[in-house]
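Q: Could you walk me through a few spots in this model, starting with whatever comes up first?

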Amino acid sequence: MAQLVDMNSLLAILRHEIGELRRIKRELNLIEHIPAIDNFSFVVFYSPYLKKEHVDSILKSMRESDVVAIADNHLLAILPGTDKEGAIHLFEGMKDFLSEEGYYIIVSYPEDGSSCEELLESLKLYARSMGRSIPAL
């Protein structure tokens, strides 16, 4: 079951995840890209039907290592060891669960940014290019 946190904690965890992945990669002297070790996705998912009663079911369907925050009809998630393809698969299932309406925007570390600020900027850029909105971060 995923961990549910508030928005301020989510950003702190995002920064922590980046720092921890950098340290692990450095400590292990990794040169190659190993997604399970040095990759994660950050997702903003919107559904007009996202309600409190859905959140518990969604959290139960996610891994214990995943971290989620809720802001209005937006669900934001950090998915450690998950590339964009894996995140797309998960959130397509969530769209199905919530009547096919809504959208998601995904950024992945380190491809879309090597710092919290760069990832958030990429997320905002993708949202603007899609004509979508995201909660204030």
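Q: Is serine 108 buried or exposed?
A: Serine 108 is buried, with a relative accessible area of 2% (buried means under 20%, exposed over 50% and partly exposed in between, with a 1.4 Å probe and protein chains only). This is a predicted model, in which local features need pLDDT of at least 70 and side-chain atom pairs count only at pLDDT 80 or more, while totals for chains, interfaces and linings use all residues. Residues are numbered from 1 along each chain as its sequence is written, and side-chain values use heavy atoms, with hydrogens and water left out.

Q: And where does serine 108 sit?
A: Serine 108 belongs to strand 5, residues 103-109 (strands are DSSP runs of E with at least two residues, helices are runs of H or I with at least four, and both are numbered from the N terminus).

Q: What is serine 108 in contact with, neighbours within four places in sequence aside?
A: Its contacts are Phe40, Ser41, Asp83, Lys84, Gly113 and Leu119, where contact means heavy atoms within 4.5 Å.

Q: Changing topic, which residue is in the turn of the hairpin of strand 3 and strand 4?
A: Aspartate 72 is in that turn, where two residues lie between the strands; aspartate 72 has a positive phi of about 55° although it is not a glycine, and at 71% relative accessibility it counts as exposed.

Q: How many bridges join strand 3 to strand 4?
A: Five bridges join them, and the two strands run antiparallel (strands pair if DSSP finds at least two bridges between them); valine 67, for one, has isoleucine 78 in strand 4 as its bridge partner.
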